[in-house]
Amino acid sequence: MSTRWYPIYQRGNPQLRVFLPNFWLKLLRPEHKQPPNVVQFACSMEMTRHDVKNYLEKIYKVPVVNVRTRIVLGNTKRDLVMGYITKEEDTKLAYVTLPNTMKFDFPDIFPTDAKQKIEDDKKSLEDAKKNHKKFLDKNKDRPGTPGWFSI
C-alpha cells in the first residue's frame, strides 16, 4: 500500500501540506439475506466504525444509524510442489444500518435485455459449434485431405 505522508521538512517557503487519508470504501453485494436498510461495505483495515460513519455522512450525506465492523481472515494455501504456505490479505467488512425509512437496492448492472443477449450469444455459439462438427464429420473421409484436418 502506498503511503501519502509528506516529509516533515521541505526546503523553500511556503511549505505545502495536503492531508490525503488512506481511507476507502467499496460497496459489496451481501452474501446472506439482509434487511433492506443494511448496506455492506469493504473498507480499509485502519478505519474504525466512527470513521465509516463520518465518511458516509460528511462526504456522501447519507444518514447512518449504526455501523458494525468485522474482520474476515484471508484464505491460506499450501503450495503442493515447494510446500510453502501463502495467505491472502485480511479484509474488513462494515455493515451500515440506514434509517428505517430508507431502503437500499443493490444496482442491477446487467439489465434483463443484456441477460437475454447473453443467452442468444450462447445459443448462436452452440449452433456454430454444431455446424462446424457437421462440416468436419462430412469431410473427414474425403480423399486427399491431410491427417491433421480430422479431429
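1. Leu80 sits in the loop between β4 and β5. Helices here are DSSP runs of H or I with at least four residues, strands are runs of E with at least two, and both are numbered from the N terminus. The model is predicted: local features need pLDDT of at least 70, side-chain atom pairs count only at pLDDT 80 or more, and totals for chains, interfaces and linings use all residues. Residues are numbered from 1 along each chain as its sequence is written, and side-chain values use heavy atoms, with hydrogens and water left out.

2. Leu80 is exposed, at 85% relative accessibility. The classes are buried (under 20% relative accessible area), exposed (over 50%) and partly exposed (in between), with a 1.4 Å probe and protein chains only.

3. The rule asks for a side-chain nitrogen of Lys or Arg within 4 Å of a carboxyl oxygen of Asp or Glu.

4. Lys77 pairs with Glu88 in a salt bridge, with the closest N and O atoms 3.7 Å apart. Lys77 lies in strand β4 (residues 76-78) and Glu88 in the loop between β5 (85-87) and β6 (91-97), so the pair ties together parts that are eleven residues apart in sequence. Glu88 is partly exposed, at 39% relative accessibility.

5. Asp90 and Lys87 form a salt bridge, with the closest N and O atoms 2.4 Å apart. Asp90 is partly exposed at 27% relative accessibility. Lys87 is also partly exposed, at 49%.

6. Lys117 and Asp121 make a salt bridge at 3.7 Å, N to O. Both residues lie in helix α2 (residues 112-139), four residues apart, about one turn of the helix. Lys117 is exposed, with a relative accessible area of 52%. Asp121 is partly exposed, at 41%.

7. One backbone angle deserves a line. Lys61 has a phi near 55 degrees, a positive value in a residue other than glycine. Lys61 belongs to the loop between α1 (49-59) and β3 (66-72). Its relative accessible area is 67%, so Lys61 counts as exposed.
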